Amino acid sequence: MRSRMVAASDTVFFSGHTMKVAGFFLLGLASVFSVQRDNFRTCDNVGFCKRHRALEPGTSSYAASASSMKLNPTSVSLDVLEKKSDVKFTLTIFGLKDNTFRIRLEEKDAMRKRYEPPVGDVLIKVPEGEELKYNGQSGNQLTFNKGTSRVVLTTEPLRIDVYSDDDPVISINSQGLLKFEHTRPKPEAPPAENQDEENKEEAQEGEEEQQKEEEVKEEEVKAEPEEPDMWEETFKSHTDSKPFGPTSIGVDISFPGVEHVYGIPEHADSLALKTTKTTDPYRLYNLDVFEYDLYNPMALYGAVPLMLAHNEKRTVGVFWLNAAETWVDISSNVADKSIFSNLADFVTGNNEIPQTDTHWFSESGVIDVFLMLGPGPKDVFRQYAALTGTTPLPPLFSISYHQCRWNYNDQDDVRTVDENFDKFDIPYDVIWLDIEHTDGKRYFTWDAAKFPNSIEMLRNISSKGRKMVTIVDPHLKRDDNYKVFAEARDKGLLIKNKDGGDFDGWCWPGSSGWPDFLEKHVRDWWADKFSASEYVGSAPNLYVWNDMNEPSVFNAPEITVNRDIKHLGGWENREVHNIYGMYVHEATMDGLLKRTNYQERAFVLTRAFFAGTQRTAAVWTGDNMGEWSHLKISNPMIMSLNLVGITFSGADVGGFFRNPDNELVTRWYQAGAFQPFFRAHAHLDTKRREPYLLPDENVKVIREAIRARYTYLPYWYTEFFTSEKDGAAVMRPLWVEFPKEKATFGIDDNYMIGSALLVRPVTDQGATNANVYFPGAGEVWYDVETYQTYKGQQEVNVQAPLSKIPVYQKGGTIIPRKMRPRRSSTLMFDDPFTLVVALDPKQEANGQLFIDDYRTFKYRDGAYGFIKYSFTSHKLHSNVEHQGSGFTTKEWLERVIVVGLPHEPRKVTLHQSGQTKELIFTYDSTTHVLIIRKPGVNILQNWTISLH
Amino acid sequence: MFYKLLLILSLSFFAQAAERPRGVSSAKASFYQPGKDFKCLTSGETVPWEFVNDDYCDCKDGTDEPGTSACANGFFFCENRGHRGSYIISSRVNDGICDCCDGSDEFDEKIKCGNTCDEIGRKEREEREAFRQLQEQGYKIKQEYMQQGKRAKDEKRARLSELEKQMAELTAARDEIQTRKDEVEAPETEAKERHQKAWEELKAARQAEKDRVKAAHAFAELDANRDNVVDYPEMQKHLEFDIDSDGTVSVEEAREYLDDSDGVDLAKFQDKIWTNIKDIYKPPAEAQETKEALPDEDVATGSQDEEDRGEDSAKPKEAGEEEEKMPPYDEETQKLIEAADVVRKEYDEAADKVKDAENEVNGLKKYLEVDYGPDEEFSALRDQCFELTDREYTYKLCAFDKSSQRPKAGGIETSLGKWGHWYGPEEDKYDAMKYENGQSCWNGPSRSTHVNLHCGVENKLTGASEPSRCEYQFEFTTPARCKQPEPVTGQHQHTEL
């Protein structure tokens with residue numbers, strides 16, 4: 001929801017004093033206007049980041065022992081020796097189903113177990129193996145085959161090359177940057193000595209001989225020199241005790257033939273990732289960043305360590321399964337053709353073969369990498385989905401429009417907002433309450449003076465099919481009289497500080513404690529708090545929003561918990577940091593589902609996230625700003641989330657901070673209406689900007705934008721249904737749909753919803769035109785309002801006055817819509833459909849529709865309808881592919897619009913169950929649009945409409 | 001009798017309602033002729049009669065589907081017998097929510113709507129009656145306000161024009177006296193200055209003599225060996241001559257104060273040395289005190305420094321001799337002063353009259369430039385303040401002046417705005433007031449208050465809220481907002497049906 005000034009300036013007001021108070025105050029003020037960067041560590045402030053980044057490409061000191069090889073049906077393991085330290089590791093290569101490999105490197109005789117997310121939490125299950133065939137040794141290379149792919153393991157220096165259909169696609173440790181900091185005892189006379197030596201060295205600068213001697217000596221004693229920050233690090237006024245010393249891991253991963261890599265959210269950056277030569281690496285460390293900057297690799301609220309690499313021929317994915325702080329360096333290079341002779345085949349007319357090198361390093365954990373070999377983008381989506389799961393079909397209300405503000409002050413305020421939406425005839429489904437609704441930021445409670453009868457309020461909005469979302473953050477106010485806190489403390493459910501006491505940090509309520517959501521019993525305890533008896537004043541139409549779950553701690557380093565705090569299972573936060581937030585929303589979702597004994601679907605929104613978040617929450621991009629640049633960045637940010645499985649995601653419409661002008665608010669609504677999660681939100685200090693408060697002209701445009709969203713709900717809903725099965729992005733970069741079209745690889749202001757809709761939101765102030773890239777050679781695109789046609793594979797400057805959202809339907813697709821505007825999506829359940837049949841140049845089109853009760857899990861028992869539509873040879877066929885026993889609907893077919901039909905038919909007939917009926921139609925010969933009037937059939941039926 | 005009439009009316013409506021399509025009002029019934037092609041009411045297309053209310057939108061203006069939700073731009077007429085007929089937008093037909101009080105908008109079995117028209121109608125009539133009575137009572141008071149307001153305005157206008165006339169006379173009178181005043185003050189001033197100057201000269205001579213005596217005292221003290229020469233070793237004993245503050249007075253430092261000589265006699269001391277050292281030199285007792293204070297000075301902060309400086313600057317006054325009084329003016333001067341005093345008093349009286357008149361004019365103008373409504377009815381609120389206390393704050397509205405809040409628990413008052421302007425919609429601008437440019441919000445706008453005015457029998461602040469940060473909203477009732485109630489007639493029901 002938001003961060004606050006307190007954090008941005010805590011050290012400012014409490015560290016300095018006396019003489020220069022005025023100067024410090026000015027600094028504090030400055031922080032209002034942008035992120036206070038020095039609150040966050042750069043690579044230079046992070047010991048392990050410096051150590052890994054300092055490595056130069058060269059010969060790896062790691063070597064595998066071929067003689068130690070143990071072959072299993074679906075995996076192979078070998079011993080690996082780090083030759084300088086003599087430390088042994090185990091390397092395992094797994095063959096997994098669906099063109100996937102897994103590569104693990106663990107320390108063989110570790111002094112302390114390293115954290116790995118339990119199976120079931122990130123990975124939905126132990127991934128299914130597939131036979132890995134040993135294909136013999138040639139020199140120092142061992143080859144393993146699986147289907148049309150193979151892994152070539154070079155034993156010394158250790159290196160792994162993965163080939164798909166004989167093309168090299170991924171190389172690991174080809175640059176020799178592998179570094180696995182083994183567990184070790186704390187040195188007797190620790191870093192201080194080294195520091196002295198360093199000082200000495202500095203003092204004796206120029207005395208090269210002696211220095212050399214020292215280096216030699218050191219190498220003899222131990223390969224890894226102890227560095228001052230290995231056993232303790234400080235940042236600002238905070239000291240990290242690091243009792244287990246250095247534990248970081250890292251390795252390089254290269255993509256020969258690839259120029260474009262994507263993913264590894266969350267960053268406020270372009271869709272295609274940039275080389276990090278002149279910046280910090282992309283950082284993955286869940287943080288609450290106040291007024292974040294754009295176009296830089298700083299960490300934000302969530303982390304998914306999944307990268308997609310793409311070229312005209314192939315898409316591959318690399319999933320780095322690690323919950324600790326992770327950094328990724330990216331550089332673009334040229335491939336070494338001597339090794340990859342095959343590469344030349346697919347990069348023609350170019351002397352150099354491009355290659356993208358990446359370098360991944362994490363503060364702890366093991367090296368555990370999944371290689372998904374595609375070959376198409378949608379194959380990678382499916383392969384990753386098999387590992388971490390998909391977004392379950394959201395209840396219809398949750399993909400509708402959400403109205404939020406920090407804060408709707410009281411019940412009257414809620415009622416007034418609700419009534420105004422109806423008065424101005426603007427649909428909305430969910431009204432939200434931020435932190436001020438609670439009794440002193442004690443979540444699960446209500447401010448009794450402002451919300452004396454929340455049940456009645458919830459009933460009132462429920463009468464229009466609407467819902468409410470209240471905020472529930474993971475910090476619990478330290479107050480003995482606050483039951484949730486007292487219970488958590490007494491039952492020992494809170495995370496501990498490094499000395500074993502309950503961790504005490506500051507957040508909204510002041511001094512707070514945090515339940516340790518890593519523990520199943522804590523999550524179960526939390527889930528029970530959402531029951532009607534525990535969450536007094538709640539109702540079945542109340543859903544929940546988890547904010548500040550990075551977790552955000554105002555007075556701790558980088559505004560999050562200290563790395564050395566202890567979780568109940570004995571882990572330090574440094575080992576599990578990025579996964580904490582996911583456990584929070586998982587427990588919350590479980591609580592909401594429990595209320596109906598897992599019958600009704602629910603909705604949870606989260607700010608922090610990790611790989612697997614998609615299974616239990618929607619995500620928004622946190623505290624953005626009401627500025628054009630932030631509207632623009634929302635598209636690549638949400639697309640990046642979609643690429644890593646978090647399909648149900650969005651950005652605060654209007655921008656959280658600042659007061660956007662009317663034009664910006666309007667354009668933002670138009671963009672949000674075509675993004676998966678559609679919620680307006682605003683900071684406490686902003687002026688009210690509910691759509692009906694704007695000038696008439698803007699109200700009109702916003703009403704149309706929101707209504708447009710509602711008309712496309714059947715399409716969104718069907719896309720979410722199919723995405724639950726195949727893990728595909730719902731909001732897709734153009735290259736996902738047109739993977740061979742290189743011009744699309746860098747585009748992130750146009751995108752696709754599913755395979756049929758192309759959207760180009762206007763994100764520039766004062767714009768009356770927009771450049772739209774229409775992809776696809778031989779494709780045709782139709783403006784969804786005017787039916788104007790555009791040929792594929794060209795950029796066109798289109799008219800885009802304030803009232804216009806440039807949205808296009810691809811020729812060859814059929815989109816189901818519901819054209820009757822209602823107050824909420826619930827009121828549309830029984831409404832009839834309109835099918836928009838957009839013909840391709842061959843006069844064909846296909847589409848599909850998923851329907852169910854729009855709210856329960858019964859679809860999982862088959863209680864749904866799935867209908868395929870196809871238009872070919874002047875006939876539109878409705879083919880019910882699935883109709884669960886007992887599932888019926890009142891929804892019917894109101895109208896069919898056929899776009900791109902060159903000639904007016906003489907006659908249109910409907911054929912159903914042997915009966916034929918003539919249908920009335922109109923045809924517009926200038927737009928080539930045929931509108932067929934009222935076929936009137938129930939939507940869940942087979943029929944054919946013929947054009948004669 | 002009344003009920004009978006109602007019954008007959010209802011029956012006749014029933015008959016007609018069966019004829020015309022669902023959702024059509026009686027006023028528009030004639031456009032819908034069963035069996036005949038239907039002409040869309042404003043967009044003009046013609047469709048077969050079967051297309052009317054067949055749940056498919058054919059007319060661009062949506063008029064072929066008055067009784068279904070098929071047209072996004074259509075309207076459905078609720079009969080609402082017992083209450084009042086009204087239109088709802090078509091999208092509210094058969095959406096599962098009872099919008100018409102007679103339930104006629106929901107007929108597809110999704111929901112069963114009761115008929116609440118009687119109840120609502122009664123309630124509304126009661127409310128209307130209560131409001132009518134409120135208006136009536138309020139309007140009586142308003143009429144008084146109007147009278148008062150008009151009278152006040154007339155009086156103030158009259159007074160203003162009177163004052164404006166008087167002003168010229170008063171100013172002229174004052175100016176005439178001013179001339180005389182200048183004439184008598186000139187010789188007075190000259191005589192006084194003369195006297196003053198003589199006195200200053202005398203004082204200077206006395207001061208010089210005193211200084212020489214002081215110098216002699218100092219000489220005697222400094223001249224430790226009493227050889228009638230103050231030499232540099234004697235100076236070195238006085239730490240106040242430590243120019244570079246290194247803790248000792250060096251030979252050079254001592255000699256510098258002695259005009260670069262080894263020693264001076266009394267005459268030279270009085271003539272040349274004393275002037276340079278008199279501000280530095282400290283008699284033995286005082287020098288001792290300073291020494292003891294020294295260590296503290298090392299840790300002194302800026303603010304303490306300031307205090308010290310304050311003491312220093314206070315010292316000369318303390319030590320200074322009592323100011324000698326100037327001798328009285330001579331008789332001649334005294335007479336001139338007395339003569340001038342008479343004219344001055346005369347002048348002050350005249351000038352006060354002008355100022356009083358000006359103040360009154362400004363007050364009147366300030367009053368008159370405010371718009372107190374078409375009939376001056378809001379003038380009754382002027383110079384009145386109203387308070388409302390909620391959980392946290394006491395809000396205050398001073399009409400046509402300012403709005404403010406202060407914490408209930410006590411504390412300073414925060415300005416929520418100064419009177420700005422009427423803020424109602426164009427057609428009824430006296431519906432609301434705006435107070436603006438209050439105290440600035442940190443990182444935000446300056447506070448402002450939007451006051452909604454409602455008819456009420458008393459002037460009362462009834463609500464205060466802050467819908468957006470620093471933008472306050474007050475609710476205020478006043479008789480000044482009450483309208484003259486319409487006369488009650490029995491025909492009211494008829495027109496509605």
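A search of the whole structure, which is a predicted model, finds 125 salt bridges over all chains. This report begins with several of these pairs and then turns to chain A.

## Salt bridges

| Pair | N to O distance | Relative accessibility of each residue |
| A:D499 and A:K498 | 3.8 Å | A:D499 65%, A:K498 42% |
| B:R159 and B:E360 | 2.5 Å | B:R159 27%, B:E360 31% |
| B:E387 and B:R406 | 3.2 Å | B:E387 44%, B:R406 26% |

In the chain A pair, the side chains of A:D499 and A:K498 meet in a salt bridge. A:D499 counts as exposed because its relative accessibility, 65%, is over 50%. A:K498 is partly exposed, at 42%.

In chain B, a salt bridge joins B:R159 and B:E360, with 2.5 Å between the closest N and O atoms. This pair links distant parts of the chain: B:R159 belongs to helix α2 (residues 117–222) and B:E360 to helix α8 (residues 331–369), 201 residues apart. B:R159 counts as partly exposed at 27%, and B:E360 is likewise partly exposed at 31%.

The other chain B pair is formed by B:E387 and B:R406, at 3.2 Å from N to O. B:E387 is partly exposed, with a relative accessibility of 44%, and B:R406 is partly exposed at 26%.

Chain A also contains a network of salt bridges, whose members include A:R41, A:E233, A:D240, A:K242 and A:R283. A:E325, A:E363, A:E558, A:R563, A:E572 and A:R574 belong to this network as well.

## Overall form of chain A

Chain A has 17 helices and 50 strands. Its radius of gyration is 29 Å, close to the 30 Å that the globule rule gives for 948 residues, so chain A is as compact as a globular protein of that length. Along the principal axes, the C-alpha trace of chain A spans about 100 × 70 × 50 Å.

Of the 948 residues in chain A, 65% count as buried. Among contacts in chain A with a separation of 6 or more, 73% are accounted for by residues 24 or more positions apart. The chain exposes about 33,200 Å², and carbon and sulfur atoms supply 49% of that area.

An unreviewed UniProt entry lists residues 727–815 of chain A as "domain: Glycosyl hydrolase family 31 C-terminal". Over this stretch the chain is 4% helix and 38% strand, and the end C-alpha atoms lie 20 Å apart.

## Backbone features in two loops

The loop between β14 and β15 of chain A holds A:I264. This residue has a phi near 35 degrees, a positive value in a residue other than glycine. A:I264 counts as buried because its relative accessibility is 0%, which is under 20%. A:E266 is found in the loop between β14 (260–263) and β15 (282–284). The peptide bond from A:P265 to A:E266 is cis, with omega near 15 degrees.

A cis peptide bond joins A:E550 and A:P551, with omega about 0 degrees. A:E558 lies in the loop between β27 and α12 and has a positive phi of about 55 degrees although it is not a glycine. A:E558 counts as buried, at 4% relative accessibility, and takes part in the salt-bridge network described above.

## Confidence in chain A

The mean pLDDT of chain A is 92, and 91% of its residues reach 70 or more. Which stretches of chain A have pLDDT that stays under 50? One is residues 3–32, for which the model has 46 contacts beyond four places in sequence. Another is residues 192–222, with nine such contacts. Where pLDDT is low, the predicted coordinates should not be read in detail.

Terms used: Residues numbered from 1 in each chain as written. Chains lettered and ligands numbered in written order. Predicted model: local features only at pLDDT ≥ 70, side-chain atom pairs only at ≥ 80, totals over all residues. Heavy atoms only, no water. Salt bridge = Lys/Arg side-chain N within 4 Å of Asp/Glu carboxyl O. Buried < 20%, exposed > 50% of the residue type's maximum accessible area, 1.4 Å probe, protein only. UniProt positions renumbered as here; feature names shortened; annotations may be inferred. pLDDT = per-residue confidence, 0-100. Contact = heavy atoms within 4.5 Å. Rg over C-alpha atoms; globule rule 2.2 N^0.38 Å. Areas by Shrake-Rupley, 256 points an atom, 1.4 Å probe, with all protein chains shown as cover.
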